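Work through the exercises below with the sequence and the 3D view open. Try each task before reading its solution.

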Amino acid sequence: MKRREFIKTGGLAGVGAGLTILNFPVFGKNAPSNKLVLGVMGVNSRGNWLAQCAAKLPGAEIGYICDVEDGAIAKGLKAVAGAQERKPTVIKDIRQLLERKDFDALFVATPDHWHAPAAIMAAAAGKHVYVEKPCAHNPAEGELLIAAAKKYNRLVQMGSQRRSWPNMQQAIKEVKEQHVLGKIYYGKSWYTNNRQPIGIGKKIAVPDTLNWDLWQGPAPRRDYLDNIVHYNWHWRWHWGTSETCNNGTHELDCLRWFMDLEFPTKVTSAGGRYAYPKDDWETPDTQTLNFEFEGGKAISWEGRSCSSFNLEGSDRGFAIFGDNGTLYNSGGDSYRIVDIKGKTIKEVKQATNTNQSAVNTVSPAGEFYDAIHINNFLESIRGNAKLNAEINVAYRSTLLPLLGNIAQRTGRVLHTDPSNGHILNDAEAMKLWKREYEKGWAPKV
C-alpha cells in the first residue's frame, strides 16, 4: 500500500488506538478549516526531511522556516518547494517567529541543546510542538518541558517514530495482550555505525552565513571552531548528548514500551572514546548501558559509533526475552517471534521497502514511516487522534540514556528513585541533572 493511500484509507487509525477527542483549538490563518500551518526550526538535515514529509500530508503547510545558517535555509526552502504552492517565510530568530500568531505548531529539529528550550518557548507562545529526540539535553529540561505542556495545555510529541509504526503496534498487542513471550524479564538493544574521526577544531572567524550567537542560544558561549557545525556538535557534551541519545533513545523507548517499564532503580555504563581518541570527540564512541527496574526486569543498550560490524544480524535493533520465547526486531517495522527452543513461529515484514540503514543520518526508516508519526501529531491537534509519543512518555525514554551518560561521566553506579528517576544519595552525579545557561536564556515555565 502506498503512503498516501495508507493515510487516506484510514491506515493510521491504529496509530490512534483508543482515540480520544482532544479539545485543542487551531489558530492557523485558515481556521476554522483543518489546514494546519507549521513552522520548522532547524532545517539543515533532519528538520529539512520533516518539513518535506509534513508538506506532502493533506491539510498541512510549512508556513515558516527558522534557521541561523544561510545554506540550511536554502535547503529547507528547496525541500518544500515541490510539495506546496506557498513559499515559507524565513525568520532566523526563534523569539521573533514565536511572536507570530498565524501558525499552529513548531517542529524542533535543532542541535540537542536547543530542543527543550525551544519547545518550552513554543508551548508558552501557544504552539503545539513536535520535538526531535532527545526531548532534552539534561533531565531537568525534560521535567520543565512536561510542566510547560501541562501549564499551557499544548500537545508535545517527540520523534519516537516506532510508536506509530503499524507492525510495531501489532507486535505490542501480541506481547502485552496475548502474552506470546510469557513472562518478560530482559530486553537488549544495539546500534552500530562507521563514523570517522572529527579532528582537532581550529578557532577561525565565524562564517558570514552563520549567526553563531543564535546557534548557541541557551548554551554558554564558546569560541567557534571549524569542526562543530553542522554535525559534530553531537560528540561534545556542551551541545550534544552522545550516541546514547542520538540513536539509543529509539530502541530503549521500544524496550520500555514492550516491557511496561517506567523509571529504573539502577544504572551503569561502561565505555569511552576508544576508536579515535586523539580528536575533539568527547562522548563515548563505544558504550554499554544497563538498567534495572522493579519487578525483576532489566534492559541494556550497546553502541559502537565507529565499528559497523552488525550485532544480532543487524546494524540496529532490539530483542525481548521471556520465559516462553523471544521477539527480535532488526531496526525497522518488522519482527520475528521465536519460541523457547529457537524455532521461528511468526515473522512479519515491513509494509514497504525503505532502504533502511542506521548510517542514514536524515531518516534511517524512510518517508513512509516518518509520515505516519507526523500525521499522528497533526491528527491529534485536529482532535482525531491521541499522541503516540507524548512528552510524559517521551521524557521517560530520554531519561534512560541521559542517566547512562551521567553514570559514564561520573564513573559511578547510579541508584535511582523508581517513582521519578532521580539519582539517590549522590550529590556529584546530581550536578549533571541540569546545566548552566547563557545569561537570559534559561528555560522557564
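**Exercise 1.** In which helix is Trp114 found? Then decide whether Trp114 is buried or exposed.

*Solution.* The model is a predicted one. Trp114 is part of helix α5, which covers residues 112-124. Next, take the cut-off: a residue is buried when its relative accessible area is under 20%. Trp114 has 4% relative accessibility, so it counts as buried.

**Exercise 2.** Find what surrounds Trp114.

*Solution.* Leave aside the neighbours within four places in sequence; the remaining contacts of Trp114 include Met41, Ile94, Leu214, Trp215 and Trp441. Now look at Leu214: its backbone oxygen lies 3.1 Å from a polar side-chain atom of Trp114. Finally, compare positions along the chain: Trp239 is 125 residues away from Trp114, yet their C-alpha atoms are separated by 8.4 Å.

**Exercise 3.** Check the length of helix α11, residues 391-410.

*Solution.* The expected span is 1.5 Å times one less than the number of residues. At the start of the helix, a side-chain oxygen of Glu390 comes within 3.0 Å of the backbone nitrogen of Asn392. Just after the helix, Gly411 has a positive phi of about 70 degrees.

Note on methods
Residues are numbered from 1 along each chain as its sequence is written. This is a predicted model: local features need pLDDT of at least 70, side-chain atom pairs count only at pLDDT 80 or more; totals for chains, interfaces and linings use all residues. Side-chain values use heavy atoms; hydrogens and water are left out. Helices (H or I, at least four residues) and strands (E, at least two) are DSSP runs, numbered from the N terminus. A polar contact is a pair of N or O atoms within 3.5 Å; within protein, one must be able to donate a hydrogen and the other to accept it, and residues adjacent in sequence count only if both atoms are side-chain atoms. Buried means under 20% relative accessible area, exposed over 50%, partly exposed in between (1.4 Å probe, protein chains only). Contact means heavy atoms within 4.5 Å.
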